[in-house]
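Please look at the structure below and follow the explanation from one part to the next.

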Amino acid sequence: MMQKAIYLKKGKDESLRRFHPWVFSGAIYRTEGDLQEGDVVRVFAADNSFIALGHWQIGSIAVRVLSFDDRTIDTSFYEERIAVALQTRIAIGVADCPTNNTYRLIHGEGDNLPGLVIDMYGETAVMQAHSVGMHVDRQLIAEALKNVMGEKLKSIYYKSETTLPFKAGLGQENGFLFGHATEDVAVENGLKFHIDWLKGQKTGFFVDQRDNRSLLERYSKGRSVLNMFCYTGGFSVYSMRGEAKLVHSVDSSAKAVDLVNANIELNFPGDTRHKAYAADAFKFLEEMGDQYDLIILDPPAFAKHRDALPRALKGYTKINQKAFEKIQPGGILFTFSCSQAVSKDEFRRAVFTAAAIAKRKVRILHQLHQPADHPINIYHPEGEYLKGLVVYVE
Ligand code: SAH
């Protein structure tokens, strides 16, 4: 049988030689064998030397590299990668930790497994494929995950309905690859959260804000907090523990409002400091009073692609401007962007513009980013997506 391979145009092997894990379709000179989406293909330079192997897919990113060594992609390959990832999570203190059982185990390129995300919620793993290859390999990966996690793992929920390219026509469905629905409460830094991994956004929870929530907790004492775009209310629950005077959570989704109420009740039953509102952010910010002196703005990605950038920056400027106009003197704003297409500098400029329009004196206290269980492969700077600023408003 003819091998499945691609040969690159002359000079197009340079980024791969620097371990960048993607092959763009424009770099390909010719293909060999009957390539199907999701196949493992070997990648050769123009001089026929082997460079890498990875998952083939139709689209601008044609190959996502799995290995720069010529090897077989089987259960033991995935076991090795997952074991390294788990070791890292233990080393940074988020796994095997009595007060925390919620963490990202596999973060795509950051764990040398492009296209794969696995979040751990206690004894449940939620797995997402962002590439056809990872979808095809899902059983291998589930097997490997079971072998590495052993007794610690009771179920694996596969959730790729919305993350896979629709046109690939894979007919993918969400469902359990192993075990079944179990206890749906996850623990993050000693706080409890109901996780709806079956229907919730992403894998059910925004694991990536853990460290930033902790920082918020430290600044909450005695403050009136507005948590805008609250979703499951992560920031709200932390600021309650941080002894905020009052906490208001806002999200346009009524389901999110139910979730945040449930999570507050789970941690602080009967506590009347908290209220949640189903409302549009722009409208709420426009109409609210000036009672808040700690505001969190953690919107969804305003720019999914570079071409949406100008509109996205306007959106960031607008919501931050509203927050600056209303926040109490001596107030603190936690403001975020999770758009990969928006750079740290562009985001900072949007916040700068907002402050200038609102004519407030603003100083940056912290520059925030994604936590250590969302590592950035140094050869893949595109993996940096979450950025935030904590600013003090006079
Ligand atoms: N801060 C959250 C994650 C936010 S995700 C956390 O720490 O978990 C973004 C949220 O913004 C989603 O829950 C979505 O329902 C909400 N959202 C999207 N557009 C909105 C709008 N125009 N007004 C208010 N909320 C909105």
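Tyr 158 stands opposite Gly 175 in E11, and strand E10 (residues 155–158) is joined to E11 by 3 bridges, the two running antiparallel. Strands here are DSSP runs of at least two residues and helices (H or I) runs of at least four, numbered from the N terminus, while two strands pair if DSSP finds at least two bridges between them. This is a predicted model, in which local features need pLDDT of at least 70 and side-chain atom pairs count only at pLDDT 80 or more, whereas totals for chains, interfaces and linings use all residues. Residues are numbered from 1 along each chain as its sequence is written, and side-chain values use heavy atoms, with hydrogens and water left out.

E10 and E11 belong to an open sheet of 5 strands, with the order E7-E8-E9-E10-E11 and mixed pairing. Strand E7 (102–107) and strand E11 (175–178) stand at the edges with a single partner strand each, so one side of each is left without a neighbour in the sheet.

Elsewhere, Tyr 29 lies in strand E3 (residues 28–32). Is this residue buried or exposed? Tyr 29 is exposed, with a relative accessible area of 62%, because exposed means over 50%, buried under 20% and partly exposed in between (1.4 Å probe, protein chains only). Not counting residues up to four places away in sequence, Tyr 29 touches Tyr 7, Leu 8 and Lys 9, where contact means heavy atoms within 4.5 Å. Tyr 29 and Lys 12 are 17 residues apart in sequence and 9.3 Å apart in space, C-alpha to C-alpha.
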